[in-house]
Amino acid sequence: MKSRIILLAVAAFLSGSCAVESENIRIDQVGFYPSQEKTLTLEQDNPSETVSIYRAGRKVWEGEAVRTAESPWSGKERRVFDFSEISRPGTYTVKAGSEKTEFTVSENAFDALAEAALKGFYHQRSGMDLDPAVAGKWARRGGHPDTLVFIHASAASEGRPEGTVISSPKGWYDAGDYNKYVVNSGYSMGLMAEAALMFSTPEDSDRRQAIHEELKYNAEWLYTMQDPSDGGVYHKLTNPEFEGFISPLECSKPRYVVQKSVTAALDFAGALCSFVELGDSPDPETIAKAEAAYAWAASNPSAFYFQERMNRTYDPDVSTGAYGDGSASDEFFWAASCLYRATGKTGYLEDVKRYMPESFSVMSWGNVSALGVFEWLRNGKNGVSADEQEIYERCLQMLLEYCDRSMESAETSCYNSPYGNSPRDFYWGCASTFCDQSVCFLYAYKLTGKAGYLKNAFRNVNYILGQNATGYCYVTGFGSKSPMFPHSRLCHSDGVVEPIPGLLVGGPNPGHNDKAEVTYSSSYPDESYEDVMPSYASNEIAINWNASLVAAVTWLAEIAE
């Protein structure tokens with residue numbers, strides 16, 4: 001049967017405005033924009049050949065699947081339905097056999113999601129009371145003022161010997177724990193700043209200003225993580241070991257800054273340069289700090305953070321998140337790109353050419369070269385020198401090659417998404433990679449105007465919002481089926497039943513790294529997810545993942561408006 005708009009009213013028995021959870025209808029649970037492509041996936045356990053859609057009790061669409069797709073690892077067959085013809089704003093009911101669920105079409109489909117995703121960083125703030133007017137029922141007293149932080153033996157210098165007390169307030173809690181990490185927060189700042197600089201201007205975007213204000217809270221902490229005597233940057237501020245699942249006010253373990261690292265120094269430099277540019281006002285003092293960190297990194301290119309090695313030499317042992325990395329070429333590329341744009345100094349341009357990647361890789365805290373590519377794509381098209389123009393053209397070529405290759409599998413996929421069609425796509429924190437790839441598509445769309453890139457950016461976001469193998473919307477507080485028990489000390493200790501909204505969980509992880517604490521109901525890559533508090537491998541939250549969510553959905557919302 002050909003998909004069609006049904007103009008006559010039927011099926012008056014459908015009524016009510018509350019979404020009905022369906023086991024087998026997989027659809028974006030947050031909402032669609034009127035002109036956006038709209039699809040859903042029907043799992044094989046529902047044998048219905050057709051799907052009907054109703055609005056206010058009237059059937060407005062009925063159609064058959066546009067394709068049947070088979071999972072390459074489970075063999076499960078899924079049917080994909082395209083109802084993009086529906087564009088009128090409102091609430092709709094989908095019916096497939098005996099199952100039904102609801103979706104909305106709205107001109108502001110992602111507004112609440114984008115706002116909550118950014119507010120997730122406010123909830124992660126360390127060292128301040130959260131205002132009930134902003135945080136709602138998740139308001140809390142501030143913990144970890146970090147005005148009494150010790151220099152760890154690994155971080156000691158002549159001017160700051162072991163045991164020296166420094167003050168290092170503000171910043172964001174990194175994830176489900178209460179520690180603060182330069183590498184990950186610097187990457188998170190850079191990603192959000194780069195995207196906001198691309199989709200907005202100071203004159204027309206309240207969202208840009210809101211992002212800048214939130215980044216400022218972490219930037220003020222980053223300043224304190226630099227040793228003023230040599231420009232080096234401490235890798236993290238941490239307890240020796242993770243706190244229990246208690247509130248910030250109940251925490252009492254001593255806090256340390258530990259070893260300076262080359263990756264922390266470079267991420268510090270890149271993040272602060274991006275932050276300054278987002279603020280759209282010169283800040284020579286901050287750029288000077290970034291240059292000092294870069295100079296330290298250039299003088300200490302092998303100062304990698306290897307936690308186990310550090311623990312064999314220094315006490316106390318540290319067992320919190322390592323964010324270790326054995327290569328800094330990507331960090332050098334990003335930081336040099338930012339500092340060249342900020343200062344025009346030719347030495348940074350030479351390092352850009354030296355560290356330029358051979359191909360484009362989707363961004364992550366462990367590979368930030370994409371942020372350097374984005375820096376050039378924002379600024380380099382009208383470069384005054386042949387070198388600048390060549391770098392821009394090479395970055396654009398790498399990005400488009402990646403995006404074109406990534407889109408190839410979307411048209412035959414089970415969930416109509418370009419990402420998530422290989423077992424390699426599922427790992428610790430993979431839900432954020434759906435968003436990261438969307439951001440890559442959005443850069444390609446901005447630079448070329450080709451609608452296919454925009455369509456596939458939406459498709460990946462649709463996946464994390466419910467059109468996926470588990471049927472979860474992976475963002476807390478959104479959708480009819482979303483995580484209730486994220487691996488988060490804040491959520492677990494605040495006495496509120498519902499988790500803090502707007503937090504992106506890690507998503508399916510076939511590595512089952514937490515299998516000692518968690519029993520997984522499936523071993524399939526895209527179904528290896530458990531909504532239980534102990535599942536740090538699939539259900540933790542983290543600022544870098546939320547940065548991906550902020551960048552993707554805020555940019556999409558800006559385009560839609």
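Ala, Val, Leu, Ile, Met, Phe, Trp, Tyr, Cys and Pro count here as nonpolar, Asp, Glu, Lys and Arg as charged, and the others, Gly among them, as polar. The views show a predicted model, in which local features need pLDDT of at least 70 and side-chain atom pairs count only at pLDDT 80 or more, while totals for chains, interfaces and linings use all residues. Residues are numbered from 1 along each chain as its sequence is written, and side-chain values use heavy atoms, with hydrogens and water left out.

**View 1. The lining of the largest pocket divides into 14 nonpolar, 9 polar and 5 charged residues.**

**View 2. Helix H1 spans residues 111-123.** Helices are DSSP runs of H or I with at least four residues, and strands are runs of E with at least two, numbered from the N terminus. Leu113, Phe121 and Tyr122 are among the residues of H1 that are buried, meaning under 20% relative accessible area with a 1.4 Å probe and protein chains only.

**View 3. Five strands form an open sheet in the order E11-E10-E14-E13-E12, with mixed pairing.** Strands E11 (165-166) and E12 (180-181) stand at the edges with a single partner strand each, so one side of each is left without a neighbour in the sheet. Strands pair if DSSP finds at least two bridges between them, and E12 is joined to the antiparallel strand E13 (residues 234-238) by 2 bridges.

Notes. Expected span 1.5 Å × (residues − 1). Buried < 20%, exposed > 50% of the residue type's maximum accessible area, 1.4 Å probe, protein only.
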